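Dear colleague,

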Amino acid sequence: MKLGKLEKLDPKTYWKKEASEFTPWLAQAENIQLLSESIGTELEVEGTEQSVGPFSADILCRDALTGHYVLIENQLEKTDHTHLGQIMTYAAGLDAVTIIWIAKNFTDEHRAALDWLNRITNDTFNFFGIEIELYKIGNSDIAPHFKIVSKPNDWSKQVKVRKDDGGITETKKLQLQYWAALGEYMSGNSKIIKMRNARAQHWTDVALGKTDFYLSAVVNSRENVLAVWLNIVGVNAKQNFDKLYEIAYTDSLEKIGKDLIWERLDGKKMSYVFLRTQGDFTNESDWPAQFEWFKENLEKFYKFFKPLLVKF
């Protein structure tokens with residue numbers, strides 16, 4: 001088999017203008033999905049050249065899981081102080097935000113600036129530096145690649161938050177290790193489940209690409225229970241639960257499991273659907289079996305519910 005030569009192209013050979021060509025391309029669903037996969041966060045585009053209060057972002061997105069703003073600043077040149085000033089202004093003016101700075105090349109100084117911002121801020125803020133690259137082999141189609149040059153240090157941020165709260169407990173440390181290990185397991189064994197960065201808490205979430213719906217993997221050390229949840233939140237949570245129940249309840253018992261529980265939670269702001277089993281997450285020797293259970297059932301939830309959510 002003959003091997004081709006990988007050729008790197010200047011992005012400006014494909015996009016001549018930033019505002020009229022590159023930004024619209026990036027905002028297309030398939031390209032935002034590629035960016036989402038690169039950073040591990042499901043993004044939903046709200047608009048381009050969008051105003052957010054007194055600010056204007058090249059692309060405004062929402063984190064599909066948290067609903068928080070994600071602002072994208074992009075340029076087809078190497079990074080400059082003007083764009084650095086813009087992302088600082090966004091971070092100062094918005095309460096909870098992820099900022100993604102995309103450029104042709106990052107200078108060492110600007111990469112260091114993003115690393116510093118990620119070190120000194122808590123996990124309310126996240127700063128990504130990404131270089132846009134283009135490649136081809138021979139006469140093949142041109143392929144884009146998002147190269148991450150700076151990203152949040154979630155472990156450092158998590159420890160900082162816990163120190164501010166008076167220290168991280170042994171249980172919290174074990175939770176952090178558990179979700180990190182589950183994330184590694186999923187990366188090597190599941191093609192569809194993308195875990196969020198590990199945090200010291202009793203649950204971790206998986207985006208479904210639809211605002212107000214997301215999955216959770218949960219451990220309960222008091223009752224020795226593992227669970228997978230479909231969370232339904234937002235102002236229309238009850239209406240969405242009722243609609244989903246009507247179209248999916250019977251099939252869900254067959255395709256996910258007869259022990260699946262649907263809870264409308266009248267009087268609460270959310271509703272959920274969940275499946276549980278016995279399991280002690282503090283027993284590290286049992287982690288492989290627990291991870292396999294999570295993989296099997298997170299995939300069942302994802303495959304069953306995600307196609308239905310296009311109706312909402």
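**Asn74 and its surroundings**

The side chains of Asn74 and Thr23 are joined by a polar contact of 3.1 Å, a polar contact being a pair of N or O atoms within 3.5 Å, where within protein one atom must be able to donate a hydrogen and the other to accept it, and where residues adjacent in sequence count only if both atoms are side-chain atoms. Before going further, please note that this is a predicted model, in which local features need pLDDT of at least 70 and side-chain atom pairs count only at pLDDT 80 or more, while totals for chains, interfaces and linings use all residues. Residues are numbered from 1 along each chain as its sequence is written, and side-chain values use heavy atoms, with hydrogens and water left out.

Asn74 belongs to strand β4; helices (H or I, at least four residues) and strands (E, at least two) are DSSP runs, numbered from the N terminus. With a relative accessible area of 0%, Asn74 is buried, where buried means under 20% relative accessible area, exposed over 50%, and partly exposed in between, for a 1.4 Å probe and protein chains only. If neighbours within four places in sequence are left aside, Asn74 is in contact (heavy atoms within 4.5 Å) with Glu18, Phe22, Thr23, Leu26, Asp58, Ile59, His83 and Ile102.

**Aromatic rings**

The structure holds 25 aromatic pairs, counted when the centres of rings of Phe, Tyr and Trp (its six-membered ring) lie within 6.5 Å, with planes under 30 degrees apart called stacked, over 60 edge-to-face and the rest tilted. The pair of Phe22 and Trp25 is stacked, because the ring centres are 6.0 Å apart and the planes stand at 20 degrees. Both residues lie in helix α1 (residues 18-27), 3 residues apart, which is about one turn of the helix, and both are buried. The rings of Trp293 and Phe294, by contrast, have centres 5.3 Å apart and planes at 75 degrees, so that pair is edge-to-face. Trp293 counts as buried at 17% relative accessibility, and Phe294 is buried with a relative accessible area of 0%. Ring pairs also link Trp293 and Phe294 into a cluster with Tyr178, Trp179, Tyr185, Phe281, Trp287 and Phe291.

In two places a charge sits over a ring, which requires NZ of Lys or CZ of Arg within 6 Å of the ring centre and within 35 degrees of the ring normal. Arg62 lies over the face of Tyr69, at 4.2 Å from the ring centre, and Lys243 lies over the face of Phe312, at 4.7 Å from the ring centre.

**The nonpolar cores**

A nonpolar core is here a set of buried Ala, Val, Leu, Ile, Met, Phe, Trp, Tyr and Cys residues joined through side-chain atoms within 4.5 Å. The largest has 41 residues, of which Tyr178, Leu230, Phe294, Leu298, Phe301 and Phe305 touch the most other members. Two or more residues come from each of α6, β8 (203-210), β9 (213-220), β10 (225-232), α7 (237-255), β12 (271-278) and α8 (287-305), and α8 gives the most, with 9 residues. Phe305 touches Leu230, Leu244, Ile256, Trp262 and Val273, not counting residues up to four places away in sequence. Apart from this core lies another, of 22 residues, among them Ile72, Ile130, Leu134 and Phe146.

Among the buried residues of α6 are Tyr178, Trp179, Leu182 and Met186.

**Loop residues**

Thr107 is in the loop between β5 (97-103) and α4 (108-120) and is buried, with a relative accessible area of 17%. A polar contact of 2.9 Å joins the side chains of Thr107 and His110, and Thr107 touches Lys78 and Thr79, again not counting residues up to four places away in sequence.

Asp212 is in the loop between β8 and β9 and is partly exposed, at 28% relative accessible area, while Asn224 is in the loop between β9 and β10 and is partly exposed, at 30%.

With best wishes
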